[in-house]
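This briefing is for a reader meeting the structure for the first time.

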Amino acid sequence: FCQANRNLRIERDASGKVIIMPPVGLETSGRNASLTAQLYNWAKKDGTGKAFDATGGFELPNGATRNPDGAWISPAQWNRVPAQKRRRFANICPEFVLELRSEMDRLPALIGKMDEYLANGAKLGLLIDPFDAKAYVFRPQGAPEILDRPASLSAEPEMPGLIVDLGDVW
């Protein structure tokens, strides 16, 4: 199904419902490229894990298949993924996830996805909403921190040294 629909991002929730996400507009694509590049550059420089873009799929422990806009996993997580599964969806939850709200996304659904990531093992999630000019920082304990139009977001202490510049988002 995914191979026949390569121009769509396709996810599946924990109940097996297929969620089809059409391509995003150019503004959102540019914003996401900036965010993903920052994550990749940090991971490359830091050397303590692997960064992934929105085309990578993760099979979460609850049975959902998700592809966050950006993700990071530690070497310990990466080494648990068998070589043959590295070419397909991995049976792990990223330790860090980043979601950027697009013109098609509904905020409550994205907040639900962030909660799902945390419930499945993520240690940190950043949700950036350029339409309401808000950023949400999700951690396993407590409610998300909501920031109004921050210039940047720190991913510390979970991701030492990762500061996400949001200048291209606003």
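**The main sheet**

In this predicted model, 6 strands form an open sheet with mixed pairing, in the order β3-β6-β7-β8-β9-β10. Its edge strands are β3 (50-53) and β10 (145-148), each of which pairs on one side only. On average, neighbouring strands of this sheet are turned by 15° against each other, direction ignored.

**Inside the sheet, and the helix on it**

- Strands of a sheet pair through backbone hydrogen bonds, and the pairing is either parallel or antiparallel.
- β7 and strand β8 (residues 124-129) run parallel and are joined by 5 bridges.
- Within this pair, L100 stands opposite I128 in β8.
- Helix α3 (residues 107-119) packs on the sheet and touches β7, β8 and β9 (134-138). The direction of α3 makes about 170° with that of β8.

**The hairpin**

- Strand β1 (residues 9-12) pairs with strand β2 (residues 18-21) over 4 bridges, in the antiparallel sense.
- R12 has V18 in β2 standing opposite.
- The two strands, β1 and β2, form a hairpin, and 5 residues lie between them.
- G16 is in the turn of this hairpin and has a positive phi of about 100°.

**The cavity**

- Rolling a probe the size of a water molecule over the atoms shows where empty space is left.
- How many cavities of 30 Å³ or more does a search of the whole structure find? The search finds 1.
- The volume of the largest cavity is about 30 Å³.
- The largest cavity is lined by L35, T36, L39, F96, L98, L162 and V164.
- Which element gives the largest share of this lining? The share comes from α1, with 3 residues.
- Both α1 (26-46) and β7 (96-100) supply at least two residues of the lining.
- Sorted by class, the lining of the largest cavity holds 6 nonpolar residues, 1 polar residue and no charged residues.

- A133 has a phi near 55°, a positive value in a residue other than glycine.
- This residue, A133, is placed in the loop between β8 and β9.
- Is A133 buried or exposed? A133 counts as buried because its relative accessibility is 17%, and the cut-off for buried is under 20%.
- R149 also has a positive phi in a residue other than glycine, here near 45°.
- The loop that holds R149 lies between β10 and β11.
- R149 has a relative accessible area of 49%, so R149 is partly exposed; exposed would need over 50%.

**Other loop sites**

- R88 has its place in the loop between α2 (75-80) and β7.
- R88 is exposed because its relative accessible area is 60%, where the cut-off for exposed is over 50%.
- R88 and F58 are 30 residues apart along the chain, and their C-alpha atoms are separated by 8.8 Å.
- E156 and P157 are joined by a cis peptide bond, with omega of about 5°.
- P157 sits in the loop between β11 (152-154) and β12 (163-165).

Terms used: Residues are numbered from 1 along each chain as its sequence is written. This is a predicted model: local features need pLDDT of at least 70, side-chain atom pairs count only at pLDDT 80 or more; totals for chains, interfaces and linings use all residues. Side-chain values use heavy atoms; hydrogens and water are left out. Two strands pair if DSSP finds at least two bridges between them. On a 1 Å grid over the protein atoms alone, a cavity is a set of points where a 1.4 Å probe fits but cannot get out, and a pocket is an open set with protein on both sides within 12 Å along at least five of seven lines; lining residues have an atom within 4 Å of a point. Grid points are joined across faces, edges and corners, and a volume is the space filled by probe spheres set on the points. Ala, Val, Leu, Ile, Met, Phe, Trp, Tyr, Cys and Pro count as nonpolar, Asp, Glu, Lys and Arg as charged, and the others, Gly among them, as polar. Axes are lines fitted to C-alpha atoms, for helices over the stretch in contact, and angles run from 0 to 180 degrees between N-to-C directions. Contact means heavy atoms within 4.5 Å. Buried means under 20% relative accessible area, exposed over 50%, partly exposed in between (1.4 Å probe, protein chains only).
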